[in-house]
Amino acid sequence: MSTPHTFPDLRGAATGLGSLPGTDAREAAKTSTGALEHLPFLPELPARGPGADMIGRGAGLLVELFAQTEPSGWRFTDRPGRDTRRAHSWLGEDLDALEEFTQGHQGALKVQAVGPWTLAANIELKHGEKALADPGACRDIAGSLTEGLRRHLADVRRRVPGAEVVLQLDEPSLPAVLAGSVKTASGFQRLRAVDRQVAEEVLREVIRNLDAPVVVHSCAPDVPVPLLRRAGVAGISLDFSLLTERQDDDLGEAVEGGTTILAGVVPATDQAVSDPAGSVQGVRTLWRRLGFAPELLGRRVLVTPTCGLAGASPAYARRALSSAARAAQSLVDNPE
C-alpha cells in the first residue's frame, strides 16, 4: 500500500473533529449526520468516563497491548481489564449508532483515532515512565495501533458499505514531542525531543499500511506541516487562530502539493456564531496571500471547529457544526 491515498474530492464541505458533549451515542450520531452532509464523522463522547476519552479510546484500539487508568493517568498493563472492556463497549455503541443513522449513505465518512506519538506521550510504561522515553515502546505502540486501525476501518466499511472512509489521526502532543517539552511522569523534568526524522518515519509507516486517506489533526501551535506532508498525509487539520504568517510558505507548499487543509475556525466552546461567512474571512485572506485561484478554495479547504466540542453545550455543538457547514458553502459561493 505504498501509493498515497488522496482526500475525497469534496466541495463546500465541513466536518467535526471528533468529540461531542453528552453521553447519548444516538443523539451524537444524529447531530453529526444531520449537520454535515458532505463529511459526517463518528462522534466521541468523553463525558462517559475513562475509555471514552481520547487516550482511552486509542488504547482500546491497540492489538495485544493493554492499558488501564491509574491515579497518574493511563498505564500499560499485562492483560485487558475493566477500562479496556469499557473502551471496546463504548466504541461498539458509537458504531451501532452511526450505522443506524448512515443507512444508504454514499460518500465520505470520517473516523478519528489518537496518533502514535500522542499515545506514547500520554501512556506510562509498567514501571511508571512515559512510553515516549523508550524508542522500542514507541515503535511497538505504532505497530499495534496500525493493526487495530486496520480492523477498525474494516468494521466501519462493513457497517457503512457505501462510505469512502477518511481516517483522522489526532496528534495534539506531536509539537511537544518534537520540541522536547513533554513532561516526565514525575512532572519535574522533560523528556528528550524525538528526532524529527524518526517521528516522520513512524508516522509514514502507520499511514502507508492503512487503506484510507489519513488526515492528521493538531490543535496545538507549531504544527509540523512539512513533516506531515513527507509522512504521506492526505490532509492537515489545524486551529487557524494559532497560525502565523511565517507558516505561509509551508501551507502554500502543502496546498500546491495536493494536501487538503481542514481549517479550524468555529469556536469550540459556547460563543455567538451569527456570521458563518465571516468566520472564514481569515481563510480567504490567507488564500489571496498565497496567490491561489479563488475557485479552488472551496475544494481544497474544509471548515471545522477549532477543536473538539466536548466542552460545549449540546445546543451549541449543533449550532457550531451547522455554522461550519454554512461557512464551508460560503467559500464556494463567495471565495473572494
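## Contacts and the nonpolar cores

Contact means that heavy atoms lie within 4.5 Å. In this predicted model, local features need pLDDT of at least 70 and side-chain atom pairs count only at pLDDT 80 or more, while totals for chains, interfaces and linings use all residues. Residues are numbered from 1 along each chain as its sequence is written, and side-chain values use heavy atoms, with hydrogens and water left out.

Leaving aside neighbours within four places in sequence, Leu228 is in contact with Leu174, Leu203, Val216, Val223, Val233 and Ile236. A nonpolar core is a set of buried Ala, Val, Leu, Ile, Met, Phe, Trp, Tyr and Cys residues joined through side-chain atoms within 4.5 Å; buried means under 20% relative accessible area (1.4 Å probe, protein chains only). The largest such core has 97 residues, and Leu228 is one of those that touch the most other members, together with Trp117, Leu132, Leu167, Val283 and Val303. Another core, of 10 residues, lies apart from it and includes Phe7, Leu10, Ala13 and Val215.

## A three-stranded sheet

Strands (E, at least two residues) are DSSP runs numbered from the N terminus, and two strands pair if DSSP finds at least two bridges between them. An open sheet of three strands has the order S1-S2-S4, with mixed pairing. Strand S1 (66-70) and strand S4 (123-124) are at the edges with a single partner strand each, so one side of each has no neighbour in the sheet.

Five bridges pair S1 with strand S2 (residues 73-77) in the antiparallel sense. Phe66 has Thr77 in S2 as its bridge partner.

## Strands S8 and S9

Strand S8 (residues 260-266) runs parallel to S9, joined by five bridges. Gly264 stands opposite Thr304 in S9. In strand S9 (residues 301-305), five of the five residues are buried.

Conventions: Buried < 20%, exposed > 50% of the residue type's maximum accessible area, 1.4 Å probe, protein only. Helix = DSSP H or I, 4+ residues; strand = E, 2+ residues; numbered from the N terminus.
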